[in-house]
Amino acid sequence: MPAEPMPLPLPDHVWDEPSVLAALDDRDVGALFVLAGRYGCSQTLLASRCAMTQGEVSRICTGKRRVADLEVFVRVADGLALPDRARNRLLGAGRSHQPTSLSPTPAHPRGTGADRSPTRNDRRAYPEPWAACADAPPADNTPERQILMAADDTVQFLVNAERAAPSPEIMDLLHGEVRRLATAYPTQATELIDPLISAQRVAFRLLDGPGLPGPSRDLYVLAAITSGLLACAGVDLSQFQAAHLNARAALLCADRAGHPGLRLWVRIEQARAAYWSGFPREALRYLSLAQQDADTVTGSMPTQLAVQEARAHAALGDIAQTRAAIARAHDARDRVRADDLDDIGGELTHPHAVQLFISADALSQLPDHGAAERAAAEAVRAFEAPDAADASYGSRAGAYIDLAMARIRQGEVDGGREALAPVLRIPPAHRNHGIRTLMRRVHTHLSDHAGSAVARDTAADIEAYCAVPTSTRLPA
């Protein structure tokens, strides 16, 4: 049987036609596929060239699916063998644009305007910061499954990293998307898994592609950020193997970028993963490795290094080291001069309210319950300030839990129940690993008050609360 003819690339003049230019500007992949069909490209050929199924190509051609994934745009540009001028128009190089999601969007997006119903990203429609996105993902598309799939890509990248070389073609678009994801992560958390995986794939594709120009520091920075955010998500989802794997990739990229601030951030994320999986000594080892970079970083991240040390020392029962680390964090806050990571913000900065929570969380593990209550109350007040509106909802919840724990340990069960009220309203999808871990600690202390009906009811509520699988953000 003769091979199917290869009508690609299309004639060069096609890409200057007004209707084609409009399709490129609109990123209308369906129109481009229909155009290719007029020149003899079958849907089977297009599927093969663009790494899709024939059914996907058919749905795109008929308008049943609208492509919004940057990785797919790159595959389409490669598959159609677009000349540079057409490729740049499709990928948005050299023109201003709003940040574009790298993940697929529905064919019929929600409406906009005054008559729009509150969506899960409309924070004004919800009374609690952590209720902004309450819908759970479908069972066959859970973040847990997605992050494990992403780990395969990370392994492949680590194996092939020596061949890394970037392309500047889509850097502007990728940079805007990564900045958006880093900024949104503290409040939207693992709801961002899809676009994070897509952004990481694009960065890895550019770094790992053969025949590309020399290394790009900026691209390594973006790959470090996306991998680091996926490491955060792995901890939030109790997927610690995936968390450590993505942290390794993030550290490799941060090192190749020569960025001490990013290296410090990634080491802290490795320490967090070790701490929340029950290994405080391992957490201290990672934090010790981070110290050299901390000495050169002027931004807020050294404050997190110190309080993470305090929390790990507290887990080991070392009171003196815990208090010394909290004092170092206080001194480091006075020396903060915002750096490039603070300018991005979100997960790449360390707000004062989050610092106060981690300090309170450390003190909650020590015998001085009064000091723990005062520290937790200070953290709660800090999260109520307007400038903390975009701080981690998990850390916010942690501050309330620590306040409840301190009160219960002092015999104030009713006051503990009151402090837990906003935490008990957190939607199931946001009851992440860290929140559930802290709630179980509260449950342990409630057993000391078995004669109290309030204690028994609260313990039962916590048991039901923690039985729900998690899919979101861990306290910092």
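Guide: Because the model is predicted, local features need pLDDT of at least 70 and side-chain atom pairs count only at pLDDT 80 or more, while totals for chains, interfaces and linings use all residues. Residues are numbered from 1 along each chain as its sequence is written, and side-chain values use heavy atoms, with hydrogens and water left out.

Visitor: Why is methionine 439 called buried?

Guide: Buried means under 20% relative accessible area (exposed is over 50%, partly exposed in between, with a 1.4 Å probe and protein chains only); methionine 439 has 0% relative accessibility, and therefore counts as buried. Cysteine 466 also counts as buried, at 10%.

Visitor: Which residues does methionine 439 touch?

Guide: Taking contact as heavy atoms within 4.5 Å, and not counting residues up to four places away in sequence, methionine 439 touches Ile401, Leu420, Val423, Leu424, Ile462, Tyr465 and Cys466.

Visitor: What makes the crossing of α17 and α19 left-handed?

Guide: A crossing is left-handed if the near helix is turned anticlockwise from the far one by less than a right angle, and right-handed if clockwise, and the crossing of α17 and α19 is of the left-handed kind.

Key. Helices (H or I, at least four residues) and strands (E, at least two) are DSSP runs, numbered from the N terminus.
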